[in-house]
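This report looks at how parts of one protein model are arranged, taking each topic in turn. Please keep the structure in view while reading.

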Amino acid sequence: MDDKNKVLVTGGAGYIGSHTVVELVAAGYTPVIIDNYSNAEPSVLKGIEKIAGTPIKFYEGDCNDVSYVENLLRTEKNIQGIIHFAAYKAVGESVLEPVKYYENNIGSLLVLLKLMKKYNIPDIVFSSSCTVYGQPDQLPVTEKTPKKPAESPYGNTKQVCEEILEDTVNSYFQNKNEQHNLKAIALRYFNPVGAHPSSLIGELPLGVPNNLVPFITQTAVGLREKIVVFGDNYNTPDGTCIRDYIHVVDLAKAHVKALEYLSNQEKAQFFDTFNIGTGGGNTVLEVIKTFEKVSDQKLNYEIGPRREGDVEQIYANVEKSNTVLGWQAILGLEESLRDSWAWQLALKKANE
Ligand code: WQD
């Protein structure tokens, strides 16, 4: 592959990063991964290469280590763009260890921005999150829906990173003496779920999963005794929270679309945000029932108390992503849960 489409993917061995690397190769890009394996395993690289059918350049390193990243950029010449996934993302952990989250999630972006300026790398796609909206007053949320104070240090790092990108782009635009190109897109993910249909890559939650779907599949495969539904007294059709669950392969493809959009962007300085969801919402009980249907497994669940910090319902208005990026989700909840279950069974088989 020619270097014209060389892209640095930070956190590229992670859940969303690994699926995005697969889609980048399929779209003719040359991805280069940097990952410190803080939330990924070396086996992921084998899975990516098996699907992609080609070796993937990989650097085991930390995006906060400016000399390491600079050496990588000196070695890997002609990097055109960066997709920045590398960040800590456990909401609960961020409440207990805010300094670790601010240092890592914000520090890594600052390192990248400094080096993008030094090495004239124009494009960056930033992994943001719907948590920037908090509990929105209007639904579905558009990109113009006012951001609310973050519910956690994790969510705040996403808000702050978006502001850093916007401020940096504006500063380059205003500074006519020292022109730098910086074009940035923040993709605001809703709830990523599912796995690659090959079952060669998927979500690898370390320890007890925080998120609903891996907890469901681990319960169904016998790793967990039961799943607790965090509250059924919300103001929703069945009393449980509503989320916009998006298949990770659809989400990965959105990153390719965002890169293409940036490379075609005429403006030398550009910043914009996009909601990446399906545009619909499902309750927790609907997810459980759908899982039971696609897996033909009865789930052992019980209703428990609400979880601190949960918003009642949030789902995306995806018109802007559809019309401006030319992207839309095509896989639904059934496909997501079917692929998550197949992945969980593949993990079980691999560990037998
Ligand atoms: C979904 C729903 C829970 C587990 C978080 C982050 C977000 C993004 C995705 C990183 C909620 C309910 C869950 C369980 C349950 N992460 N639930 N029992 O909280 O919407 O979003 O993960 O980018 O930024 O905020 O996802 O999967 O934890 O919860 O009832 O054992 O499932 O209450 O309603 P969430 P989740």
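## Helices α3 and α5

In this predicted model, helix α3, which covers residues 66–75, crosses α5 at roughly 35°, and the axes of these two helices come within 10 Å. The crossing, in which α3 passes α5, is right-handed.

On the α3 side, the residues that make the contact are Val-66, Val-69, Glu-70 and Leu-73, and they meet Val-111, Leu-112, Leu-115 and Lys-118 of α5. Sorted by class, the contact of α3 with α5 holds six nonpolar and two charged residues, with no polar residues.

## Helices α5 and α6

Helix α5 (residues 98–118) also packs with helix α6 (residues 153–174), and here the angle is about 20° while the axes lie 9 Å apart. Because angles under 35 degrees count as roughly parallel, α5 is described as roughly parallel to α6. The crossing of α5 past α6 is right-handed.

From α5, the contact is made by Pro-98, Tyr-101, Tyr-102, Asn-105, Ile-106, Leu-109, Leu-110, Leu-113 and Lys-117. From α6, the residues taking part are Pro-153, Tyr-154, Asn-156, Thr-157, Val-160, Cys-161, Ile-164, Leu-165, Thr-168 and Tyr-172.

## A cavity in the model

The count of cavities of 30 Å³ or more comes to one, and the largest cavity has a volume of about 40 Å³. Its lining is formed by His-84, Phe-85, Ala-86, Ala-87, Asn-105, Phe-126, Thr-157, Lys-158 and Cys-161.

Helix α6 supplies the largest share of this lining, namely three residues. By class, the lining of the largest cavity consists of five nonpolar, three polar and one charged residues.

## Helices α9 and α11

Another pair of helices to examine is α9 (residues 284–295) and α11 (residues 333–350), whose axes come within 9 Å and cross at roughly 60°. The crossing of α9 and α11 is right-handed.

Helix α9 contributes Glu-286, Val-287, Thr-290, Phe-291, Lys-293, Val-294 and Ser-295 to the contact, whereas α11 contributes Leu-333, Glu-334, Leu-337, Arg-338 and Trp-341. The residues of the contact of α9 with α11 divide into six nonpolar, two polar and four charged.

## Backbone details in two loops

In the loop between α5 and β5 lies Asn-120, and the phi angle of Asn-120 is near 50°, which is a positive value in a residue other than glycine.

The loop between β5 (123–129) and α6 contains Pro-140. The peptide bond that runs from Leu-139 to Pro-140 is cis, and the omega angle of this bond is near -5°.

Key. Residues numbered from 1 in each chain as written. Predicted model: local features only at pLDDT ≥ 70, side-chain atom pairs only at ≥ 80, totals over all residues. Heavy atoms only, no water. Axes fitted to C-alpha atoms, helices over the stretch in contact; angles between N-to-C directions. Helix = DSSP H or I, 4+ residues; strand = E, 2+ residues; numbered from the N terminus. Parallel < 35°, antiparallel > 145°, perpendicular 65-115°, else oblique. Left-handed = near helix turned anticlockwise from the far one by under 90°. Contact = heavy atoms within 4.5 Å. 1 Å grid on protein atoms, 1.4 Å probe; cavity = no way out; pocket = protein on both sides within 12 Å on 5 of 7 lines; lining within 4 Å. Points joined across faces, edges and corners; volume = space filled by probe spheres on them. Nonpolar A, V, L, I, M, F, W, Y, C, P; charged D, E, K, R; others polar.
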